[in-house]
Amino acid sequence: MSSKEKPTLGGQRIKTRKRNIAAPLDPASFSDAIVQIYLDNAGDLELVAKSIESSDLNFSRYGDTFFEVVFIGGRTQPGTIKPEEEGERHPYSVLDCAAQREAILPSVLYIQKTLRRRPFLIKNLENVMRKFLQSLEFFEENERKKLAIFTALAFSQKLSGLPPETVFQPLLKDNLVSKGIVLSFITEFFKEYLKENTLDDLIALLKKGKMEDNLLEFFPSAKRTSEALSEHFSKEGLTSLVEYNEKKMFEVKLKEIKSTLTTMINEEAEISEVTEAVKQQVKDAKFPDIEVVRMLWDVLMEAVQWSGKNQQQNSNSALRQVKAWAGLLNAFCTNGRLELELIYKVQTQCYEDAKLMKLFPEIIRTLYDQDVLAEDTILLWFRKGSNPKGRQSFVKALEPFVKWLEEAEEEE
């Protein structure tokens, strides 16, 4: 019995690819659903959080819309901060609260709880905050204050993953700065943040936001001076911030003067030329004369060519440097108070630097021989000096020279 061949289909079989059919975007329905949850729970954020947690709403798709509802009570029009004319709204948003910490903190904690359960929403929070901060001019003054308090509390409560540059960088738009809007906002931010945090915490935050050296950028260009900064923040009760800025400006100016002086010393410029250059920079920077004396000694010693562990060579190099630049020191040690400060500076460095430990009496003798230090100043330090660092050993080491000075004084 012969087997029959099974019939086959001819031609080529074409496989069709399944397509992902994307659901159309519908932020309006999502917004209305969130608003309804607020309304159903009368703004009780604990209950709102529970209702949202049990919902099946698509937060990954409508994260920006969610935070718009949190901040302003409803959805905004595309590309603006204006509320959408259509759609539901609720009266329990951040901007509907009183401009007080107690009223706004619950919203911060509510967002914190939401982010812990849905950490991917941090990017959406960044987007919405950036949009609002770039559009501060379109908010009322009281609303800007609420946003500043919210932002300060967000960082104070260490809101999960919110980067400081998200806040500080959008503020630097020229039109916002020139109108003084940014200065007003950042002042409220500083005042609120410092209620529960230290100045060091604030500086660390500014550093992460790349703003710790640029506080003046928050000021309109016409007021971008250290004096204006000090006056403004002092008036607002932020004296610690004023002191920080003054210290920062001092360090910047000190670095500039040190750089100029180091270059001229290395190039072996004339003492008169170096003296004039330093005097001009000191005058422009309004540098205290005591700080000038300290800085001169630091730079002179830093410019010495030290030779490892060879103590004798190091001693000779240090004394040569003192003799070579005694004229520069003399130009700025213009009274007994500054001369005494120079001795204290030498004493401290000799105490802290093993290379110079045994060199103290020789340095003092050299400064005396070069007319930088007066006899009365040396005797005052010897008898009543107040710097305790190594004082006992240095006094003992200087005794022979002091005895010689006293004998010379008696003979005269």
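Helix 6 (residues 141-156) packs against helix 9 (residues 181-193) at an angle of about 40°, and their axes lie 8 Å apart. Helix 9 also meets helix 10 (residues 199-208), with axes that come within 10 Å. This is a predicted model: local features need pLDDT of at least 70, side-chain atom pairs count only at pLDDT 80 or more, and totals for chains, interfaces and linings use all residues. Residues are numbered from 1 along each chain as its sequence is written, and side-chain values use heavy atoms, with hydrogens and water left out.

- Helices (H or I, at least four residues) are DSSP runs numbered from the N terminus.
- Axes are lines fitted to C-alpha atoms over the stretch in contact, and angles run from 0 to 180 degrees between N-to-C directions.
- Helix 6 and helix 9 are therefore oblique to each other; oblique is what remains after roughly parallel (under 35 degrees), roughly antiparallel (over 145) and roughly perpendicular (65 to 115).
- Their crossing is right-handed, meaning that the near helix is turned clockwise from the far one by less than a right angle.
- On the helix 6 side, the residues in contact (heavy atoms within 4.5 Å) include Arg144, Leu147, Thr151 and Phe155.
- Helix 9 contributes Ile181, Phe185, Glu188, Phe189, Glu192 and Tyr193.
- By class, this contact of helix 6 with helix 9 has 10 nonpolar, two polar and four charged residues. Ala, Val, Leu, Ile, Met, Phe, Trp, Tyr, Cys and Pro count as nonpolar, Asp, Glu, Lys and Arg as charged, and the others, Gly among them, as polar.

**Helix 9 and helix 10**

- These axes cross at roughly 135°, so helix 9 and helix 10 are oblique to each other.
- The crossing of helix 9 and helix 10 is right-handed.
- Phe189, Phe190 and Tyr193 of helix 9 meet Asp201, Leu202, Leu205 and Leu206 of helix 10.
- The residues of this contact divide into six nonpolar, no polar and one charged.

**Two buried residues**

- Ser230 sits in helix 11 (residues 226-235).
- Ser230 is buried (under 20% relative accessible area; exposed is over 50%, partly exposed in between; 1.4 Å probe, protein chains only), because its relative accessible area is 16%.
- Leaving aside residues up to four places away in sequence, Ser230 touches Val242 and Glu246.
- Leu379 belongs to helix 19 (residues 375-384) and counts as buried at 3% relative accessibility.
- The C-alpha atoms of Leu379 and Lys403 are 9.8 Å apart, with the two residues 24 apart along the chain.

**Domains**

- The domain assignment gives domain 1 (27-238) and domain 2 (246-410); such bounds come from an automatic or database assignment.
- Their centres, taken over C-alpha atoms, are separated by 53 Å.
- Four residues of domain 1 are in contact with four residues of domain 2.
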